Amino acid sequence: MSDQVDHSRRRLLTAATVGTGAIGAVFAAVPFLASWQPSARAKALGAPVEVDASKLEPGQMLKVAWRGQPVFVVRRSKEVIAQLGNHDALLADPASDDSEQPDYIKAKGAARAINPEYWVGLAVCTHLGCSPLGAFEANNQFQVAGTDLGSGWPGGFYCPCHGSKYDISGRVFKSMPAPKNLAIPSYTFSGDARITIGVDAAPQKT
Ligand code: FES
């Protein structure tokens, strides 16, 4: 009799131990999964950014923040677009072979843009990370911070920290402190002038 009682007690204890173990495992797993999920702040920092560039006039730009970095959106005039390939011999990396951008941007050559009218690129100098200034008018001396950009200036960006110059596609000129062209993030268009930064453009149909 007592032997029977002992067996059933042992079964009860065994079941209780197994049950506790299972519950313990569930409770142990939840904090792990919770800590593995990105926080709302981390999600927001990595989230795509929508930009409405429809109000930009040719020659104007806006700057937005994406992943904690400033990004330029520049509207270029037809005249500027037409001369983009004319100064390749002055550039350090005209084909952007040694620069950062999605493949679908590199494939666009001198324009470095899905739509040549809107140029999108990181506003971060590839020398030491200052934010370059827009100096979009061609052949216009003393445009930025009293700096003579030369009568042959095609229009572009000037970094006042150590004098790096980039063209209006973010391609760096030769013999500058900056070693590479301005980087270009992934982006896509959801309308004529609606740009989503942080999302790759869909492959174009051929
Ligand atoms: S940080 Fe731009 S030239 Fe040095």
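Two residues are taken to be in contact if their C-beta atoms, placed from the backbone, lie within 7 Å. On that basis, among contacts in the protein between residues at least 6 apart in sequence, 54% join residues at least 24 apart. The model is a predicted one, in which local features need pLDDT of at least 70 and side-chain atom pairs count only at pLDDT 80 or more, while totals for chains, interfaces and linings use all residues. Residue numbers start from 1 along each chain as its sequence is written.

As for the overall layout, the protein has four helices and nine strands; helices (H or I, at least four residues) and strands (E, at least two) are DSSP runs, numbered from the N terminus. Along the sequence, the pattern reads α-α-β-β-β-α-α-β-β-β-β-β-β. Of the 206 residues, 26% count as buried, a label that calls for 20 or more other C-beta atoms within 10 Å of a residue's own C-beta, with these atoms placed from the backbone.

Strand β4 (residues 118–122) is mostly covered, with five of its five residues buried. Y118, V120 and L122 point one way from the strand, and W119 and G121 point the other way. The partner here is β3 (residues 69–75), which pairs with β4 in the antiparallel sense over five bridges; for two strands to count as paired, DSSP has to find at least two bridges between them. Within this pairing, F72 stands opposite G121 in β4.

Further along comes an open sheet of three strands, in the order β5-β6-β7 and with antiparallel pairing. Its edge strands are β5 (133–135) and β7 (164–167), each of which pairs on one side only. Neighbouring strands of this sheet are turned by 30° against each other on average, direction ignored; the axes are lines fitted to C-alpha atoms, and angles between N-to-C directions run from 0 to 180 degrees. Strand β6 (residues 156–159) and β7 pair in the antiparallel sense over four bridges, and F157 stands opposite Y166 in β7.

The loop between β5 and β6 holds W153. This tryptophan counts as buried because it has 21 C-beta neighbours inside 10 Å. Leaving aside residues up to four places away in sequence, W153 touches A138, N139 and N140. From W153 to A135 the separation is 18 residues in sequence and 9.3 Å in space, C-alpha to C-alpha.

Terms used
Buried ≥ 20, exposed ≤ 12 C-beta atoms within 10 Å, placed from the backbone.
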